[in-house]
Every structure is written in C-alpha cells, then in structure tokens.
Amino acid sequence: MVILMKSSIQDAISVFLAELLGTGMITFAGCMSCVPWKETPSNFEVAIAFGLVIMMIILIFGSVSGAHLNPAVTVAACIFKSITFKMSLLYILAQFLGGFLGYGLLKLATPEPIFVSNICVTSPAPEISLFQALLIEFCMTTILLLVCCGVWDPRSAKNTDSIPLKFGFTVAALSIIGGPYTGCSMNPARTLGPAIWNQDLSTFWIYLSAPMTAAIVIPIIYKVIFYRELPSQKSGEASMSA
C-alpha cells in the first residue's frame, strides 16, 4: 500500500513537471519566433515555428503525460474519460504556471530593446468583432479537439505512428489560417502568460471562454455521434456481466 502510494505521488509529480515544462516551452520557444530582430516575423513563420515546437514537446513528454499542454485539451480528455477529474486539475495548474514561467524566461533571455511590448500577446484583428473572434477561436479549437478525440478513439490504437508530427502540422495549419483573425491561440495557458507579463488582460476572456466551451461540447458530440467501442471491449463487458 505504501509502495503504491509512493508510486502514485511520483507519477503525479512527473505529470505535473511534464505539463509545466511542456507548456513553458510553448511560451518560451514558440513565442521566441515572434521576436522582431531585423523584421517582424510573418504569420506563416510563427505558425510553422509553433507547430514544430509542439511536435518536439510531444516527442519529449507524450509518453509521460500525454502532452496535453492546453487546459482545453485536458478538459476534453476528462470528459472523454481519458483522465480523472482530480488529475485534470493538476494538469491545468501546471499548464497555466508553465505558460507564465516560459514567457518570463523568454523576456529574461531577450535584450530589452528587441523585446518590444505585447510580443506574442494574442488579440483579435482590429477589423474583427467580438462575436467573430469568439467564433474563430471556438472553431479552431473545435478542429484541434476533434483531432484529439480521433486519436483517443480506441479504434485508432494501431494508428499512433507519427502522432507528434500530425499534431504539429495540425497546430501549424490552424495557426496559418486562423492567425490573421485572432492569433489563433486555442489555448488559454498559452495566452495568459504573455497577457500577464504585458499587463494586457482586456481580451483574455475570449481566449478562455471560446476554447473551454469547445472543450466541453466537442468530446460529448464526438462520443454521441462518432465513438464506437471495439468488439473486444464489448465482449469483455459481456463476459463480466455474465
């Protein structure tokens, strides 16, 4: 019993550190691509950089915590019953803390004249209304979470090759198409860190409410419409009931 308890505590610490470091890498290495050295990076360059950073993080921490790196993904996983409610709270705490610390490290590592204000702070384009911003963030997060649900589906158990690459390209593609509209965060933890450091929380509610709404709605829809148990799962349940 003592051994099992120690093991569970060690696992929790391991998961916490994986999510903290992973999300920290997003706001450190990912946001590093936004730093304007000779010229302001294009949306395409930033999107590709974030996608490749996500790929690297999943390669490192995917086997440790599943590399959620995003409160919306964690909430969806909890509803999908991939993790417990208590564990999801640990994930989310680590993600928000990691996003904050990662951006702070980037600010520390970048020369002050280069690190202009509001680097990597997500905000809607001036032409975008609040409703449109919410809609874009909801839709982009929906696509991301549908990819997650597809991966979590038991029928995909044999199709796990190149998952880091697939998620990296998914994030890059969504960022390329959604970036000009809202910055295409899809991740409250990625948005909150830069917003706090730059003291600009005016639009954070958009990047919290839209992704988290998608995180609640999408896994439920997927399970009702698309989810199917494997034949082995059904036969196992039947034998247990007998």
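The model is a predicted one, in which local features need pLDDT of at least 70 and side-chain atom pairs count only at pLDDT 80 or more, while totals for chains, interfaces and linings use all residues. Residues are numbered from 1 along each chain as its sequence is written, and side-chain values use heavy atoms, with hydrogens and water left out.

The secondary structure consists of 9 helices and 0 strands, where helices (H or I, at least four residues) and strands (E, at least two) are DSSP runs numbered from the N terminus. The radius of gyration is 19 Å, close to the 18 Å that the globule rule gives for 242 residues, so the protein is as compact as a globular protein of that length. That radius is taken over C-alpha atoms, and the globule rule is 2.2 Å times the number of residues to the power 0.38. Along its principal axes, the C-alpha trace spans about 70 × 45 × 30 Å.

Of the 242 residues, 47% are buried. Buried means under 20% relative accessible area, exposed means over 50%, and partly exposed lies in between (1.4 Å probe, protein chains only). Contact means heavy atoms within 4.5 Å. Among contacts between residues at least 6 apart in sequence, 80% join residues at least 24 apart.

Some individual places show such contacts. Val35 lies in the loop between helix 1 (2–32) and helix 2. Val35 counts as buried because its relative accessible area is 5%. Leaving aside neighbours within four places in sequence, Val35 is in contact with Pro41, Leu106, Thr110, Ile114 and Ile119. Val35 and Cys120 are 85 residues apart in sequence, yet their C-alpha atoms are 8.1 Å apart in space.

Ile58 belongs to helix 2 (residues 43–65). With 12% relative accessibility, Ile58 is buried. Beyond its neighbours within four places in sequence, Ile58 is in contact with Ala67, Pro164 and Phe167. From Ile58 to Ile163 the sequence separation is 105 residues, and the C-alpha to C-alpha distance is 8.2 Å.

The loop between helix 2 and helix 3 (71–79) holds Leu69. Most residues other than glycine have a negative phi. The phi of Leu69 is positive, near 60°, and Leu69 is buried at a relative accessible area of 3%.

At the start of helix 3, a side-chain oxygen of Asn70 reaches to within 2.9 Å of the backbone nitrogen of Ala72. After helix 3 comes Lys81, whose phi is positive, near 65°.

Thr122, in the loop between helix 4 and helix 5, is buried at 5% relative accessibility. The side chains of Thr122 and Thr191 are joined by a polar contact of 3.0 Å. Not counting residues up to four places away in sequence, Thr122 touches several residues, including Thr182, Gly183, Arg190 and Tyr207.

Asp153 sits in the loop between helix 5 and helix 6 (163–182). The relative accessible area of Asp153 is 2%, so Asp153 is buried. A polar contact of 2.7 Å links the side chains of Asp153 and Arg155. Outside four places in sequence, Asp153 is in contact with Phe80, Tyr222, Phe226, Tyr227 and Arg228.

The phi of Gln199 is positive, near 50°.

Terms used:
A polar contact is a pair of N or O atoms within 3.5 Å; within protein, one must be able to donate a hydrogen and the other to accept it, and residues adjacent in sequence count only if both atoms are side-chain atoms.
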